[in-house]
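Please examine the sequence and the three-dimensional structure shown below. The paragraphs that follow lead from the order of the elements to the sheet and then to the helices beside it.

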Amino acid sequence: MQASPLVSIIMGSTSDLPIMEKAAARLDALGIPFEMLALSAHRTPREVEEFATTAKERGVKVIIGAAGMAAHLCGVIASMTSIPVIGVPIKASLEGVDALYSMVQMPPGIPVATVGINAAENAALLAVQMMATSDEELYRRLEAYKESLKEKVVKANRELAEVKFEHKTN
């Protein structure tokens with residue numbers, strides 16, 4: 001039996017997939033069931049409404065939305081559900097700043113948590129952090145992942161200690 005998704009990854013089109021795969025990979029590595037859908041606030045508004053209004057009853061806990069250019073998808077979804085929505089602004093035009101502004105300038109009452117431009121992996125981690133507040137096992141997995149980040153930096157410093165220059169002091 002297939003698990004119900006806890007996280008939905010929504011993108012305006014499959015052209016966003018190279019960025020959003022990073023969110024999918026992080027969720028997958030942490031063992032989080034998720035779904036990926038292409039929905040457009042402008043081209044498929046009825047489907048967006050159906051998705052947003054049924055997400056809670058399908059067990060979705062967090063929605064990660066991505067869009068570039070006319071980046072209304074996250075705000076439209078957030079206007080139709082009380083499930084947390086995390087926006088990933090995609091660098092499609094204007095270096096992604098247009099999408100970033102679209103997501104962070106939401107009206108009062110319709111928040112969209114927003115990560116950096118193309119920062120899909122951080123969106124996945126933020127979704128996991130939200131869910132881990134009520135799931136001790138998930139919290140432990142997240143802590144283990146963060147510990148592995150620390151270990152990478154410690155290893156890098158050991159390797160840098162071996163780099164030799166005439167005037168290097170460490």
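From the N terminus on, the elements of the chain follow the order β-α-β-α-β-α-β-α-β-α-α. This comes to 6 helices and 5 strands, where helices (H or I, at least four residues) and strands (E, at least two) are DSSP runs, numbered from the N terminus. The model is predicted: local features need pLDDT of at least 70 and side-chain atom pairs count only at pLDDT 80 or more, while totals for chains, interfaces and linings use all residues. Residues are numbered from 1 along each chain as its sequence is written, and side-chain values use heavy atoms, with hydrogens and water left out.

The chain as a whole may be described next. Its C-alpha trace spans about 65 × 40 × 30 Å along the principal axes. Of the 170 residues, 38% are buried; buried means under 20% relative accessible area, exposed over 50%, and partly exposed in between (1.4 Å probe, protein chains only). Contact means heavy atoms within 4.5 Å. Among contacts between residues at least 6 apart in sequence, 66% join residues at least 24 apart.

Two strands are said to pair if DSSP finds at least two bridges between them. In general, strands of a sheet pair through backbone hydrogen bonds, either parallel or antiparallel.

The sheet can now be followed strand by strand. β1 and β2 are joined in the parallel sense by 5 bridges, and Met11 stands opposite Ala38 in β2. β1 is also joined to β3 by 5 bridges, again in parallel; in β3, the bridge partner of Met11 is Ala66. Between β3 and β4 there are 5 bridges, and these strands run parallel, with Ile64 opposite Ile86 in β4. Finally, 2 bridges join β4 (residues 85-89) to β5, which run parallel. Here Gly87 stands opposite Thr114 in β5.

Which way do the residues of β1 point? Val7, Ile9 and Met11 point one way, whereas Ser8 and Ile10 point the other way, and all are buried. β1 is thus mostly covered, with 5 of its 5 residues buried. In β3, Val62, Ile64 and Ala66 point one way and Ile63, Gly65 and Ala67 the other way. β3 is mostly covered as well, since 6 of its 6 residues are buried.

In helix α2 (residues 45-54), the residues Val48, Phe51, Ala52 and Thr54 are buried. As a general rule, an α-helix has 3.6 residues a turn, so residues three or four places apart point the same way. The buried residues of α2 pack against β1 (7-11), β2 (34-38), β3 (62-67) and α3 (73-80).
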